[in-house]
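User: I would like to go through this model with you, one topic at a time. Could we begin with the helices and move on from there?

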Amino acid sequence: MSSAVPNPIKLKVGLEMLSEVRIGPFGEAHTLLTKVLGNIVAHPDEAKYRTLKKSNAKIGALLAVSGVKALLIGVGFTEESEAFVLPAELGPAGCAAGLAGLNAQADERQSAESSAKLQAASELQKKQAVEAEKRKLEKLQIQDDAEARKQPGWRAKAAGVKGGRDIVTPSDIGACGNAGG
């Protein structure tokens, strides 16, 4: 039995292609590939684990994910018309290498996802702090305004006018009283 990875370049290409797959399809592919390759590593002499029938719905879906075929060929599988077959003379080393690469990639993705979540939480916390500061300032302005209204001689002024303008009639605030007639 051979102890080396049968096709390290294909294995590397397959892993690189899988690294570009979205999270959902990658998770499904990772789960099934881990099971398939893990079974071969755990039971290297069992022929049933060395054949992946293309007609199987789960295997068909797995093969549709970018990089899976290259990874399988990289660990030693050969593509036949009906199935992918791992020759009996190949040992589990190729599958173990593929499994290690796959698990390293999954760990890397999980680490990146955790980092992104921490970043998002930090940004949210900063945004909430800024909003809390704005609310505090607005509350102080409302209190100052309420205090100013209690002062003798206070008069309402038109908003947005520098220096203010006395509000004497409804038209001073844009209420003309002409209800569309």
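User: How many of the eight residues of helix α4 are buried?
Analyst: Six of the eight residues of α4 (residues 68-75) are buried, so the helix is mostly covered, where buried means under 20% relative accessible area, exposed over 50%, and partly exposed in between (1.4 Å probe, protein chains only). This is a predicted model: local features need pLDDT of at least 70, side-chain atom pairs count only at pLDDT 80 or more, and totals for chains, interfaces and linings use all residues. Residues are numbered from 1 along each chain as its sequence is written, and side-chain values use heavy atoms, with hydrogens and water left out.

User: Which residues of α4 are the buried ones?
Analyst: They are Val68, Ala70, Leu71, Leu72, Gly74 and Val75. Helices (H or I, at least four residues) and strands (E, at least two) are DSSP runs, numbered from the N terminus.

User: And what covers them?
Analyst: The cover includes the helices α1 (8-19), α2, α3 and α5, together with the strands β1 and β3 (83-85).

User: What follows α4?
Analyst: Gly76 comes after α4, and its phi is positive, near 125 degrees.

User: Turning to the core, how many residues does the largest nonpolar core have?
Analyst: The largest nonpolar core has 28 residues, and those with the most contacts inside it are Leu18, Leu33, Val68, Leu71, Leu72 and Phe77. Such a core is a set of buried Ala, Val, Leu, Ile, Met, Phe, Trp, Tyr and Cys residues joined through side-chain atoms within 4.5 Å. The helices α1, α2, α3, α4 and α5 each supply at least two residues of this core. Its largest share, seven residues, comes from α2.

User: What does Leu18 touch?
Analyst: Not counting residues up to four places away in sequence, Leu18 touches Phe26, Ala29, Leu33, Val65, Ser66, Gly67, Val68, Leu71, Leu102, Gln105 and Arg109. Contact means heavy atoms within 4.5 Å.

User: Where is Met17 found?
Analyst: Met17 is in helix α1, and it counts as partly exposed at 32% relative accessibility. Leaving aside neighbours within four places in sequence, Met17 is in contact with Ser66 and Gly67. Met17 and Gly67 are 50 residues apart in sequence, yet 4.6 Å apart in space, C-alpha to C-alpha.

User: Now the charges. How many salt bridges does the structure hold?
Analyst: There are four salt bridges, each being a side-chain nitrogen of Lys or Arg within 4 Å of a carboxyl oxygen of Asp or Glu. One of them joins Lys117 to Glu113, with the closest N and O atoms 3.6 Å apart. Both residues lie in helix α5, four residues apart, about one turn of the helix.

User: What about Asp145 and Arg149?
Analyst: Their side chains meet in a salt bridge of 3.0 Å, N to O. Asp145 and Arg149 are separated by about one helical turn because they are four residues apart in helix α5.

User: And Lys150 with Glu147?
Analyst: Those side chains also meet in a salt bridge, at 3.8 Å, N to O. Lys150 and Glu147 are three residues apart in α5, about one turn of the helix. Lys150 is exposed at 62% relative accessible area, whereas Glu147 is partly exposed at 43%.

User: One last topic, the pockets. Which residues line the largest pocket?
Analyst: The lining is formed by Leu32, Lys35, Val36, Asn39, Lys48, Tyr49, Thr51, Leu52, Lys53, Asn56, Lys58 and Ile59. A pocket is found on a 1 Å grid over the protein atoms alone, as an open set of points where a 1.4 Å probe fits, with protein on both sides within 12 Å along at least five of seven lines; lining residues have an atom within 4 Å of a point.

User: How much space lies in the largest pocket?
Analyst: About 250 Å³.

User: Which helix gives the most to the lining of the largest pocket?
Analyst: Helix α2 does, with four residues. At least two residues each come from α2 (23-42), β1 (51-53) and α3 (57-63).

User: Which residues line the second largest pocket?
Analyst: Ile23, Phe26, Gly27, Ala106, Asp107, Arg109, Gln110 and Glu113 line the second largest pocket. The largest share of that lining, five residues, comes from α5.

Key. Points joined across faces, edges and corners; volume = space filled by probe spheres on them.
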